[in-house]
Amino acid sequence: MASPVQQSPQPGGGKRKGKAQYVQAKRARRCDGGGPRQLEPGLQGILITCNMNERKCVEEAYSLLNEYGDDMYGPEKFADKDQQPSGSEAEDDDVEAALKKEVGDIKASTEMRLRRFQSVESGANNVVFIRTLGIEPEKLVHHILQDIYKTKKKKTRVILRMLPISGTCKAFLEDMKKYAETFLEPWFKAPNKGTFQIVYKSRNNSHMNREEVIKELAGIVGSLNSENKVDLTNPQYTVVVEIIKAVCCLSVVKDYTLFRKYNLQEVVKSAKDSSQLNAKQAALTGNGKEAKLESGDKSNQKDAAEGKNNQQVVPEDSEELGQTEPVSETHVVSEGAAKPELGSQVTEGSESHGNDLS
């Protein structure tokens with residue numbers, strides 16, 4: 001009987017590393033400034049959807065955010081690489097005090113190296129996440145959209161939506177409930193109050209139940225102040241819930257309807273174009289048909305002529321070609337209402353509308 005073949009030992013007598021060890025080491029790496037490399041709980045930032053070109057999207061995002069960030073917060077300051085910690089000038093006989101001082105100097109120098117905006121891996125195709133430091137994401141993004149809405153000046157080609165993310169937690173119902181109870185207080189806890197809606201989207205996640213999340217979050221808002229009411233037409237606040245893999249991103253934004261669901265491509269369009277588009281959709285839906293435009297429609301021809309030299313913008317559902325789990329779209333009925341809200345509408349040059357939820 002032939003003896004089993006033995007594997008020859010590796011040079012140096014070391015064992016060969018398995019693939020899992022390399023994968024863990026890769027995931028554990030951090031970016032140059034000491035920050036995280038991927039989206040994780042505990043971050044603030046800006047979630048950006050794009051049109052098939054993530055690298056170009058990151059470039060546009062840096063340019064746009066730095067422009068308006070400098071306008072709101074002043075130019076970003078960087079530490080001098082040759083600068084030495086101030087604590088090294090004086091010697092201290094107390095070893096414990098010297099160690100504490102050294103740790104403080106290292107921590108301070110690390111914070112100074114962190115950039116105001118830093119791109120991290122989002123975990124989904126056609127989605128970019130820009131981590132922010134020392135910035136209020138909702139105020140910055142609202143300022144950007146407000147300026148673009150007024151000037152009607154198009155400043156991006158591949159960026160579609162730009163959503164501020166004020167907080168992140170684990171994408172499990174109990175974690176989300178516990179986090180939301182504190183997170184939502186600044187907007188909805190008495191004496192603060194307002195009308196609201198909840199918009200929900202899930203990417204690469206199959207264990208979260210959409211209706212259950214909506215019900216729990218709406219219940220939390222109601223428990224903070226009984227005067228908080230649902231408004232799916234023109235709410236004061238929109239609670240944005242974006243789930244990517246095992247991370248839940250939350251934010252509360254204003255003017256969600258006015259700024260076309262925070263879509264930079266749609267905000268630059270004139271009110272006349274928007275009214276014509278809405279009239280056409282109303283006519284189609286009134287006949288019991290889907291709200292979509294035919295290729296021969298005149299409004300489409302006009303939009304095509306105006307944006308001839310611009311890159312085509314695809315609907316949101318089409319931007320995630322590599323998505324492992326499809327996004328479910330369902331009809332939502334507000335309390336006491338008889339008519340269900342349309343789950344999605346597709347228009348040229350825009351994303352498919354996310355569900356406005358109660």
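A residue is called buried when its relative accessible area is under 20%, exposed when it is over 50%, and partly exposed in between, using a 1.4 Å probe and protein chains only. Keep that scale in mind as we walk through this predicted model, where local features need pLDDT of at least 70, side-chain atom pairs count only at pLDDT 80 or more, and totals for chains, interfaces and linings use all residues. Residues are numbered from 1 along each chain as its sequence is written, and side-chain values use heavy atoms, with hydrogens and water left out.

Let us begin with charged side chains. A salt bridge here is a side-chain nitrogen of Lys or Arg within 4 Å of a carboxyl oxygen of Asp or Glu, and the whole structure contains 14 of them. One of these joins K177 and E174, with 3.7 Å from N to O. Both residues belong to helix α5 (residues 173–183), where they sit three residues apart, about one helical turn. Helices (H or I, at least four residues) and strands (E, at least two) are DSSP runs, numbered from the N terminus. K177 is partly exposed at 23% relative accessibility, while E174 is exposed at 53%.

Another salt bridge connects K139 with E136, whose closest N and O atoms are 3.4 Å apart. Here K139 is partly exposed at 46%, and E136 is partly exposed at 36%. Next, find D147 and K155, which bridge at 3.9 Å between their closest N and O atoms. Together with E67, D147 and K155 are linked in a network of salt bridges.

Now turn to the rings. Rings of Phe, Tyr and Trp (its six-membered ring) form an aromatic pair if their centres lie within 6.5 Å; planes under 30 degrees apart count as stacked, over 60 as edge-to-face and the rest as tilted. The structure holds seven aromatic pairs. F188 is buried at 0% relative accessibility, and F196 is buried at 2%. F188 also pairs with Y237: their centres are 5.5 Å apart and their planes stand at 80°, so this pair is edge-to-face. It links distant parts of the chain, with F188 in helix α6 (residues 185–188) and Y237 in strand β8 (residues 237–244), 49 residues apart.

Finally, look for the aromatic cluster formed by Y149, Y256, F259 and Y262. The charged end of K152 sits over the ring of Y149, 4.4 Å from its centre; this label requires NZ of Lys or CZ of Arg within 6 Å of the ring centre and within 35 degrees of the ring normal.
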